[in-house]
Amino acid sequence: MENLKVIGKRTSVLIKDSVFSLVILPTADKRKTNLLFLWLMAWTVSGIIIMTYYFKLTQDNAKLMIIVWLAFWAYFEFKIVRVYMWKRFGKEKLWIKNGSLFYQQDINGRGKIKEFDANLVSDFELIEVTRGDFADYFNQSFWVKGGERIIFSCQSKFIKFGLQLEDDEAKKVIGELKKFLKN
């Protein structure tokens with residue numbers, strides 16, 4: 001028996017041969033992904049330009065300032081490449097098969113798979129976003145990879161997933177998971 005259900009703009013559930021499969025896409029807005037790419041290119045070019053000036057400088061203080069700036073630049077270059085790769089090629093996968101729950105943040109077929117005993121998994125809950133809280137506002141912004149919205153516990157560990165889901169989508173995902181685990 002195959003039962004594919006689209007829950008929202010970014011989430012879908014497939015139940016086939018007593019296997020539950022959930023896929024959450026990182027974004028439905030390709031325009032913002034293209035803007036993110038432009039930002040990445042501008043950031044990369046600015047770093048390369050500053051790097052070329054390093055070799056033309058003769059003052060030690062100026063060279064030290066360039067090194068500090070390039071360290072800052074390299075950190076944010078890494079962060080924005082990571083976010084762009086996630087938004088462009090990533091997806092969250094969660095599936096329940098043979099008494100085990102598996103979770104993976106997949107980018108082009110790569111990503112560590114975490115396995116949990118489905119009998120020990122409990123307490124699927126929505127993580128509330130506090131209005132006015134800077135950290136919650138930042139984690140829900142398009143330009144970062146973060147903002148998990150669903151949490152569950154397994155053997156005293158708390159596992160979060162559902163990056164930047166809307167409240168209604170997250171509640172529907174929780175409902176589908178609970179319904180499948182009851183059966």
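A crossing of two helices is left-handed if the near helix is turned anticlockwise from the far one by less than a right angle. The views below are close-ups of a predicted model.

**View 1. Helices α1 and α2 cross with left-handed geometry.** Helix α1 spans residues 30-54, and helix α2 spans residues 60-89. The two pack at an angle of about 155°. Their axes lie 10 Å apart. An angle over 145 degrees counts as roughly antiparallel, so α1 is roughly antiparallel to α2. The contact of α1 with α2 involves 20 nonpolar residues, four polar ones and four charged ones.

**View 2. Phe-72 sits in helix α2.** Its relative accessible area is 42%. Phe-72 therefore counts as partly exposed, the class between 20% and 50%. Leu-35 lies 37 residues away from Phe-72 along the chain. The C-alpha atoms of Phe-72 and Leu-35 are separated by 22 Å.

View 3. Helix α4 runs over residues 167-182, 16 residues in total. From first C-alpha to last, α4 reaches 23 Å. That is close to the 22 Å expected at 1.5 Å a residue. The buried residues of α4 are Glu-169, Ala-170, Val-173, Ile-174, Glu-176, Leu-177 and Phe-180. An α-helix has 3.6 residues a turn, so residues three or four places apart point the same way.

**View 4. Leu-94 is buried in strand β4.** Strand β4 covers residues 90-97. The relative accessible area of Leu-94 is 1%. Buried means under 20%, so Leu-94 falls in that class. Phe-161 is 67 residues away from Leu-94 along the chain. Between the C-alpha atoms of Leu-94 and Phe-161 the separation is 9.1 Å.

**View 5. Asn-108 has a positive phi in a loop.** The loop runs between β5 (100-107) and β6 (113-117). Phi of Asn-108 is about 55°, although the residue is not a glycine. Most residues other than glycine have a negative phi. Asn-108 has 52% relative accessibility. Exposed means over 50%, so Asn-108 counts as exposed.

**View 6. Asp-123 has a positive phi in a strand.** The strand is β7, residues 121-126. Phi of Asp-123 is near 60°. This residue, too, is one other than glycine. At 48% relative accessibility, Asp-123 counts as partly exposed.

**View 7. Leu-120 lies in the loop between β6 and β7.** Leu-120 has a relative accessible area of 38%. That value makes Leu-120 partly exposed. Leu-25 is 95 residues from Leu-120 in sequence. In space, Leu-120 and Leu-25 are 27 Å apart, C-alpha to C-alpha.

How values were computed: Residues numbered from 1 in each chain as written. Predicted model: local features only at pLDDT ≥ 70, side-chain atom pairs only at ≥ 80, totals over all residues. Heavy atoms only, no water. Helix = DSSP H or I, 4+ residues; strand = E, 2+ residues; numbered from the N terminus. Expected span 1.5 Å × (residues − 1). Buried < 20%, exposed > 50% of the residue type's maximum accessible area, 1.4 Å probe, protein only. Axes fitted to C-alpha atoms, helices over the stretch in contact; angles between N-to-C directions. Parallel < 35°, antiparallel > 145°, perpendicular 65-115°, else oblique. Nonpolar A, V, L, I, M, F, W, Y, C, P; charged D, E, K, R; others polar.
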